Amino acid sequence: MSSMPAEDIEDRIVRYADLKPCKAAFIDAHTPGSDQKENFAIIGGGVSENPEQYVHIPEPHGFNIGAAGQPSKCRNSLHDHFTAEVFFVLSSRWRFFWGRWGDAGEVVLEPGDIFNIPTGMFRGFENIGSDYGMIMAILGGDDAGGGVVWAPQVIEDAAAHGLMLAENGRLYDSRKGEALPDGVDLMPLMSDRELAKRLEPTTFDVLPNCVARYWDMVALADRSPIRVIGDKALLHDRPGFEVEFLAGTTDSSCCSITSRPSVLMPVKGHWDIRGDWGSVTLAAGDTMSMPLAHQYEMSPATRGEAALYRVVATDDPAGSTSRHCSDQAWHMRCGDIMVTE
């Protein structure tokens, strides 16, 4: 294993306090009810439709890490992606809803809960807590599947408030005097035939196979990481990355070697991360890209509640949920819980 200067490790950490938001990342940025949201590109550019979106760490990892911050009652409009979209709640309470009109099903998530959203269905979310809240996102692939697919009514509502989405995936704001370039057309709306193929699972279908609750994972972790998303995991899927969960106390630690791109994302408490480059402390909301081919150890830094998610790239392609599973996500049967060493 090679050594790494201690001063370089800070370049691989994005502190929560240093996150730079984009307030016009998507087509619904002017739509009432969605016009106060903030989007963050932490690792990779994500699926932002605004070329001015700031990317904290552009280095390819095989997946993207982002975040959405919204005040109370602010909503993110119905959309879909071509690759995986996984959220865990960092703060506040969030309602996720899905379906052509957003009324097929819904779930409310609390801090630490995680949702592996099946591809092939429109989804949206809103902060239903009383304070500003943040959810952290993992998107499959380095280019996150090439963009966002919006429900037709979202595009129509946005146009009524001055934002146009072009077929090249770029936003143009008529309020700023912008117009579509010559030879560039508007993004076409999905046809009725395409809409008929969208999935409409119920809450009963989705919950057992796509949602893992924080306190259930704390009980299962027992000082060892558990595989939350992956083959033979709590939530069985192979979207091009695996997600692990670790909860611990000050007298517990976990060692690992980074043979693949991996990211640490604390959700509770403070964590000490130690390697041949020295040591750093991560807080909830921080994101750390681990240097490859380095051994490291991690343990809670203070007494009290502490938990983190670790995201690790795999050799699986970053495709749709159904590509990697023999049945639809909500019909999958979870394998045995894998406890990683």
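1. Two strands count as paired if DSSP finds at least two bridges between them. On that basis, this predicted model contains an open sheet of seven strands, in the order β1-β23-β20-β25-β18-β16-β17, with mixed pairing. The edges are taken by β1 (13-14) and β17, each with a single partner strand, so one side of each has no neighbour in the sheet.

2. Within this sheet, β20 and strand β23 (residues 287-289) run antiparallel and are joined by two bridges. Val263 is placed opposite Ser289 of β23. Helix α5 packs on the sheet, where it touches β16, β18, β20 and β25. The direction of α5 makes about 75° with that of β18.

3. Helix α5 spans residues 214-221, and its buried residues include Tyr214, Met217 and Ala221. These cover an arc of only 65° around the axis, which places them on the same side of α5. On the other side of the helix, Trp215 and Ala219 are exposed. As background, an α-helix has 3.6 residues a turn, so residues three or four places apart point the same way.

4. The contacts of the buried residues of α5 go beyond the sheet strands already named. They pack against β9, β15, β16 (226-230), β18 (241-247), β20 (262-268) and β25 (307-313). Just after the helix, Asp222 takes a positive phi of about 45°.

5. Helix α4 (residues 203-210) can be read in a similar way. Its buried residues are Val206, Asn209 and Cys210. They lie on the same side of α4, because the arc they cover around the axis is only 85°. Phe204 and Pro208, on the other side of α4, are exposed. The buried residues of α4 pack against β7 (94-98), β9 (114-117), β15 (211-212) and β17 (235-236).

6. In soluble globular proteins, nonpolar side chains tend to be buried together.

7. Leaving aside residues up to four places away in sequence, Ile114 touches Val86, Phe87, Phe88, Cys210, Val211, Ala212, Met217, Val228, Ile229, Val243 and Tyr309.

8. Strand β5 (residues 75-80) is largely enclosed by the rest of the structure, because five of its six residues are buried. β5 runs antiparallel to strand β10 (residues 123-127), to which three bridges join it. In that pairing, Arg75 has Glu126 as its bridge partner. β5 also pairs with strand β12 (residues 149-150), in the antiparallel sense and over two bridges. There, Asp80 stands opposite Val149.

9. Last, the cysteines. How many disulfides does a search of the whole structure find? The search finds zero. Is Cys22 buried or exposed? Cys22 counts as buried, because its relative accessibility is 7% and the cut-off for buried is under 20%. Cys74, at 3% relative accessibility, counts as buried too.

Conventions: Residues numbered from 1 in each chain as written. Predicted model: local features only at pLDDT ≥ 70, side-chain atom pairs only at ≥ 80, totals over all residues. Heavy atoms only, no water. Contact = heavy atoms within 4.5 Å. Disulfide = S-S within 2.5 Å. Buried < 20%, exposed > 50% of the residue type's maximum accessible area, 1.4 Å probe, protein only. Helix = DSSP H or I, 4+ residues; strand = E, 2+ residues; numbered from the N terminus. Arc of directions from axis to C-beta. Axes fitted to C-alpha atoms, helices over the stretch in contact; angles between N-to-C directions.
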